[in-house]
Amino acid sequence: MDNPEVPLAGLPPDNADPAEAETPSSPLPPASPLCTFALTVSLEEKHKFATRWYHWVNFPILSAMIFSGMLIYWAYDPYRIGIGSVTLFHFFPDWFYNTTGVNAQLARGMALHFALAWIFALNGIAYVIYTIVSGEWRELMPEAKSFREAALVALHDMGFKVPMPPQGRYNAAQRISYTAIVVMGGCSLITGLAIYKPAQLHWLTAALGGYEWARFEHFWLTMGYVAFFLVHIGQVIRAGWANFRSMVTGYDLVEAPQPEMPEESVHAE
Amino acid sequence: MPNKLTPEQEMSRRTRRGFLALGAGAAVAAGGWQWLNAGYQRGHDIPGPLRAILGFNERVVRGTLFSDQHLVKTYPASAIAKLKDNGDFGLDDDFDPDTWSLHVMPRGGGLPVTLSMDDLHALPRYEQTIDFKCVEGWSVVTQFAGARFSDFTAKFAPGSEKAGYVGMATPDGQYYVGLDTPSAMHPQTLLAYQMNGEHLADEHGAPLRLVIPVKYGIKNIKRIGRIAFGETQPPDYWQQRGYDFYAGL
């Protein structure tokens, strides 16, 4: 299998049970010595350098923004889930502050938050401009059908026997969540500015419902990132190594030039 | 085809390069984090790089956003809530209001002036109900009445409005703030002697406190004993403990 001279490297062994083939209605023509070349693996670009750059810059910066935001939130932590006087969950319980060590560091939290916000904002704005200029927004923006299809994707991913709808670079659920996360980033920037300068930007603070509402919105957007992160990590683990590797290298090994093949490619190794 | 890598070899090469680059990026990020936080200790001043960035932010905000035409929102009296007493630095228990006086040091070594409450009551009285914002994140709608700091300066330290900074301290010097003069001259900056329709209580800074709604509460010094105008940044109690000097809203 490791011999680079063998063009068939990566093919299933000859004695593989044909019933186990990934695609029963294989678009490949019937086996013939010539046609087996159609199964040769090739490199395919999955993610542009710019996409990977913005993604991997944003990850540590957003993490640090959430961390420093926690240092700030600790100083006044009124939010909870509950009805009336019954609190189901208080953001956050003492054990959380004590185990994470985000207590009693408001000054440091503010300084970090207002320093790193520059990188968060500039990276995010550059990404949005890049997406528009390159036309990649077309692969990313939800379409009218995305909202129905996203339900099918979710059911499929939860293990129900629902066929995956055909997709481009991103499936319907990805289109919605990846666009939502960019919109949320913009909202975090706007609500953050409204809290940061509520006197000089009084019109903005007022448009968001006032100072306290802006802080509330800013907090829940952050909880949204945490929820996104958990689902995202779960999906990355499910999708496997080759998918993760493609977000680092930009490339993946795919079978044969069959560009219209709708199913996910079989990996060579 | 000699020298041509197979797709698998090309993928291995790109994987190696990609993860090396990611690792290098992670090292840069970790190094940057170390640099930003080097020497940090809880309760002490923040590290130099963070302080420098706060200074940069101040210049950006003063250069682009700040205007004394930008007024903070005012509220009807019905919106007033109870302001909690959140700091007693510089408020001695044995303070005697009868011996209080205000010492003012004008810009450029002018003669110091000593004032009484009567001098302040002689200035036009303004009343405003504003959302008082604590650096901790909470805010309370509170009504204050007093003299505009700009009127005060024009009358008792004329010319000092052109100073770069103004510093204020409690009579015992235990609490002190530094302010940029443009913020101090904002029309909503008051030397207040009344709160919510009553004379200032001791715990809220009797007999005279600063109300500067374009700053966080930490700059709203209680029981002012001394005011000095100058060109160098005055010492600031909470700046020395890691907070932003500007602390502007």
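Predicted model: local features only at pLDDT ≥ 70, side-chain atom pairs only at ≥ 80, totals over all residues.
Let me begin with chain B, where the centres of domain 1 and domain 2, taken over C-alpha atoms, are separated by 54 Å. Those domains cover residues 1–37 and 48–241 of chain B, and their bounds come from an automatic or database domain assignment.

Residues are numbered from 1 along each chain as its sequence is written, while chains are lettered from A and ligands numbered from 1 in the order in which they are written.

The model scores ipTM 0.94 and pTM 0.87. For single residues we use pLDDT, the predictor's confidence in each residue, from 0 to 100. Chain B averages 94, with 99% of the residues scoring at least 70, and chain A has a mean of 84, with 80% of its residues at 70 or more. In chain A, confidence is highest in helix α3 (residues 106–134), at a mean of 97, and lowest in helix α5 (residues 146–157), at 87; helices here are DSSP runs (H or I, at least four residues), numbered from the N terminus, and strands are E runs of at least two. Please read two stretches of chain A with care: residues 31–37 stay under 50 in pLDDT, and residues 258–269 are also below 50.

Now, how do the two chains meet? The contact takes 39 residues from chain B and 35 residues from chain A, where two residues are in contact if their C-beta atoms, placed from the backbone, lie within 7 Å. On the side of chain B that touches chain A, α1 and α2 (48–64) of chain B are the elements giving two or more residues, and α1 of chain B gives the most, with 13 residues. By class, that side of chain B has 20 nonpolar, ten polar and nine charged residues; Ala, Val, Leu, Ile, Met, Phe, Trp, Tyr, Cys and Pro count as nonpolar, Asp, Glu, Lys and Arg as charged, and the others, Gly among them, as polar.

Two packed helices are described by the angle between their axes and the distance between the axes. Axes are lines fitted to C-alpha atoms, for helices over the stretch in contact, and angles run from 0 to 180 degrees between N-to-C directions. Angles under 35 degrees count as roughly parallel, over 145 as roughly antiparallel, 65 to 115 as roughly perpendicular and the rest as oblique.

The contact is made by A:Arg245, A:Val248 and A:Thr249 of α9(A), together with B:Arg14, B:Thr15, B:Gly18, B:Phe19 and B:Leu22 of α1(B), and has three nonpolar, three polar and two charged residues.

Within chain A, the axes of helix α1 (residues 49–73) and helix α8 (residues 211–239) come within 11 Å and cross at roughly 135°, and the pair is therefore oblique. Here A:Leu62, A:Ile66, A:Gly69 and A:Tyr73 of α1(A) meet A:Phe219, A:Thr222 and A:Tyr225 of α8(A), a contact with five nonpolar, two polar and no charged residues.
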